[in-house]
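Dear colleague,

Please find below the structure that I am handing over to you. My findings follow it.

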Amino acid sequence: MIRDITIGQFYPGESGVHRLDPRLKLILTIAFIVSLFVVRDFLGYGVVVLALGAVVAASRVPLGFILRGLKAIFIIIIFTFTMNMFMTAGEVLFRIGVLTVTKEGLYNAVFMGLRLVFLIIGSSLLTLTTKPIKLTDGIESLLKPLKGLGVPAHELAMMMTIALRFIPTLLEETDKIMKAQMARGADFETGSIFRRARSLVPILVPLFISAFRIAQDLAMAMEARCYRGGDGRTKLHELKFRRRDAVAVLLACVYFALLIGERFLPAWIFKGYF
Amino acid sequence: MGKDIIVLDALTYEYRKEDEEQPVKALDGVSLSVAEGSFTAVLGKNGSGKSTLAKNINALLLPSGGAVYVDGFNTADEAHVWEIRQRAGMVFQNPDNQLVSAIVEDDVAFGPENLGVATEEIKLRIERSLKSVGMYEFRKKGPHMLSGGQKQRVAIAGVIAMRPKCVIFDEPTAMLDPKGREEVMDVIRMLHGEGVTIVLITHFMEEAVHADRVVILDDGRVALDGTPEEVFLEMEAIREMALDAPLVVELADRLRRRGWDVPPVIKMEEMVEYLCR
């Protein structure tokens, strides 16, 4: 039962977005998140929606699949929305008991809520279209220049690789331990939440022990295969910047130009008049 | 046969148990030479020191006394530890805990990547080693989707992609079902056929009959050493060490005691041939 949990949320596909260089996708995602904070009005969001829509269409990931990712943070969105709606001072629209809803509040609530939604969609597009292994390669390659500053780029990537490899193994192990405990009469499904939480302790202890045992075995196996850190290592998958990546950069530039133009140009024009 | 690729010279390995004053001797003055291209099986019951022996050959453990030479390199010499590990590959017992990557072909690439092999060459080696263990069509799969025997074959592919001169198998079939055991033994025999030196650590006597030399360890010492035919004729000694002889050997021994003149046979086919004569 526990093995049914899907790991990560990669949506398999061969679209152009899937095949982009993971480093570029990482950078563009960060840039996109920053760009959301540049936008000041709904016209700007128009540009954002157009861009997001274009990427989603190009990635061929079904929209429903993407929106499902929003479910997880639905509560956060609602929370942000209500906080903004009730807590902003300004022109009063109506009151509900002690709570006042202002015009500015309503505006802010919608605006902030949308910003969160775009943020989640934008970043989930990265994980939906990039295999975790490739993402790891991308992160390692991007962090490499920071090695001089003491950022352990290779080590981080290796840790992520191993974590990805052993998630299914540890899930299996958990399943095995749970079944062993259930066979001896353990009950994980009834009782108060505290009772249930406490019944997890006999699972966690053996799980930790076996995780350490696996780590020890694995470390020995890695050493036996000549692992000695990132120095002097070659890679099976070399990251290459291709034509399609250049096209993506160009399109991204257009997007940022539009956003910046939308944000700053009117201000200059007004300044000229007054 | 050519020169000796592995030389153990009075190898002693001690370790300290918690709350015990005296160190325990896992290996006590073991001297052994393994010829290049040979197939040696090392047998022994639990605690006989056979796994410690394997780890000493790969420089994962260093001798407390005596010395170990692999292809002329002393394992105690830190400068050559990577040459030693490249030449003497190692396959471990647990098929789950020795695969590093979530994708089969990436895992096979792990060793060559560590050795600094060029990308194009790595791709060639992946293809060749996965094909030779019959796992090429699984190259894009995750290890958790494979059976124990298949995982162990991937682990072997990962070792042979490093182009070792010899491979040490540390109870590679102990955690497998009979089918997986068969698969792995077939791959080991195939490797031996290709000229790779094999050291097979095992407690399955049946696996040892395929070797051309059998070494039985008992309490950290070499108890018996010879061809399988020679060793398995020492039934008394084998029983004394609480080991089970292969079924065929046991049968031949019992027939002999009943007055039959059975020749020294160790393989099932030979026995069948004798009985049907």
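The notes below take up the contact between the chains, a pair of helices, a further helix and some backbone angles.

This is a predicted model, in which local features need pLDDT of at least 70 and side-chain atom pairs count only at pLDDT 80 or more, while totals for chains, interfaces and linings use all residues. Residues are numbered from 1 along each chain as its sequence is written, and chains are lettered from A and ligands numbered from 1 in the order in which they are written.

I begin with the two chains. In chain B, 31 residues are in contact with 25 residues of chain A (two residues are in contact if their C-beta atoms, placed from the backbone, lie within 7 Å). On the chain B side, the elements that give two or more residues are helices H2 (81–87), H3 (104–115) and H4 (119–132). Helices (H or I, at least four residues) and strands (E, at least two) are DSSP runs, numbered from the N terminus. H3(B) gives the most to this side, with seven residues.

Within chain A, helix H1 (residues 22–36) and helix H5 (residues 103–129) pack at an angle of about 180 degrees, with their axes 10 Å apart. Axes are lines fitted to C-alpha atoms, for helices over the stretch in contact, and angles run from 0 to 180 degrees between N-to-C directions. H1(A) and H5(A) are therefore roughly antiparallel to each other (an angle over 145 degrees). Among the residues that meet are A:Leu26 and A:Phe32 in H1(A), and A:Phe118 and A:Leu126 in H5(A).

Helix H9 of chain A (residues 201–224) has 24 residues, which should span 34 Å at 1.5 Å a residue; its end C-alpha atoms are 35 Å apart, which agrees. The expected span is 1.5 Å times one less than the number of residues. In H9(A), A:Leu218, A:Ala221 and A:Ala224 are buried (20 or more other C-beta atoms lie within 10 Å of a residue's own; exposed means 12 or fewer, and partly exposed in between). The buried residues of H9(A) pack against H2 and strand E6 (88–91) of chain B. Just after H9(A), A:Cys226 takes a positive phi of about 70 degrees.

B:Ala59 lies in the loop between helix H1 (50–57) and strand E4 (65–70) of chain B, and is buried, with 25 other C-beta atoms within 10 Å. B:Glu171 is in the loop between strand E7 (166–170) and helix H6 (178–193) of chain B; with 19 C-beta neighbours inside 10 Å, B:Glu171 counts as partly exposed.

Note on methods. Angles under 35 degrees count as roughly parallel, over 145 as roughly antiparallel, 65 to 115 as roughly perpendicular and the rest as oblique.
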